[in-house]
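Try each task before you read its solution.

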Amino acid sequence: MSTDEDRSAGLCVLGSISIHVDGRVVAMGGEKPRRLLAMLILHRNSVVSAERLMQALWEDDRPDRALPTLQSYVSRLRGLLPPGARLVTQAPGYRLEVDPGTTDVGRFETALADALEKLEGAAGAAVDRLDQALANWHGDAFAEFSDEWWARAEATRLDELRLQARETRVAALLALGQHDRAVSEAEALTMDHAWREQPWRALVLALHRSGRQGDALRRANQ
């Protein structure tokens, strides 16, 4: 469902932290620049203080020249950003300004919201938008930083939205009468999230509608 073309341009945190320009990944040069970019994308279009950025970069192991080093990282990052993104200095720190669609998070959330609006009256269009939403994902949200104190809540929120998108896609396939496809999608969800009730209910319904009543009954009794 996801392709390299989905990351042809923009700032990405739904998977590896990366910058893409003209279909190419831009080399950022190490863990600290990726951490800085992730923090700025998390707080895009808002000012993040230099103090908070330094805390996210170094925790309790801050070097003596932390502020000049941060300023050096910021200066280099400015030269790497794609069209539609600007990193400006604004007291007490920096603000990453991004146009709509510049981040994979923004594209995902916009497509998901659009799909939810279309679901009831235009299930086919909803599936198309959900496919576009899910195509932005190439791994865990915020990748290696997902369990950091500054990223954990947002990573969890985005993972929940991704799951909502997958569940909504099953519902849209059922609405379209594409029951076999719905079975396949629902089965994948139950394997990935066995504790969640909604995929199991959708799977039982999809099996029943596809004429597999025996399988539906067995699943319902699991």
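**Exercise 1.** In this predicted model, find the salt bridge between Glu51 and Arg62 and place each partner in the chain.

*Solution.* Start with the contact: the two side chains meet with N and O 2.9 Å apart. Next, locate them. Glu51 sits in helix α2 (residues 50-58), and Arg62 in the loop between α2 and α3 (66-78). They are 11 residues apart, so the pair links distant parts of the chain. Now check exposure. Buried means under 20% and exposed over 50%. Glu51 has 43% relative accessibility, so Glu51 is partly exposed. Arg62 has 33%, so Arg62 is partly exposed too.

**Exercise 2.** Which residue forms a salt bridge with Glu160?

*Solution.* The partner is Arg196, with the closest N and O atoms 2.8 Å apart. Arg196 lies in the loop between α7 (179-192) and α8 (197-209), and Glu160 in helix α6, so the pair ties together parts 36 residues apart in sequence. Arg196 also forms a salt bridge with Glu167, at 2.4 Å. Glu167 is in helix α6, 29 residues from Arg196. Glu167 and Arg196 are both buried. Glu160, at 39% relative accessibility, counts as partly exposed.

**Exercise 3.** Why does the span of helix α4 agree with its number of residues?

*Solution.* Count first: α4 (residues 104-118) has 15 residues. Multiply 1.5 Å by one less than that number. The buried residues of α4 include Phe108 and Leu112. Among the elements covering the buried residues are β1 (10-12), α5 (123-134) and α6 (152-175).

How values were computed: Residues are numbered from 1 along each chain as its sequence is written. This is a predicted model: local features need pLDDT of at least 70, side-chain atom pairs count only at pLDDT 80 or more; totals for chains, interfaces and linings use all residues. Side-chain values use heavy atoms; hydrogens and water are left out. Helices (H or I, at least four residues) and strands (E, at least two) are DSSP runs, numbered from the N terminus. Buried means under 20% relative accessible area, exposed over 50%, partly exposed in between (1.4 Å probe, protein chains only). Contact means heavy atoms within 4.5 Å. A salt bridge is a side-chain nitrogen of Lys or Arg within 4 Å of a carboxyl oxygen of Asp or Glu.
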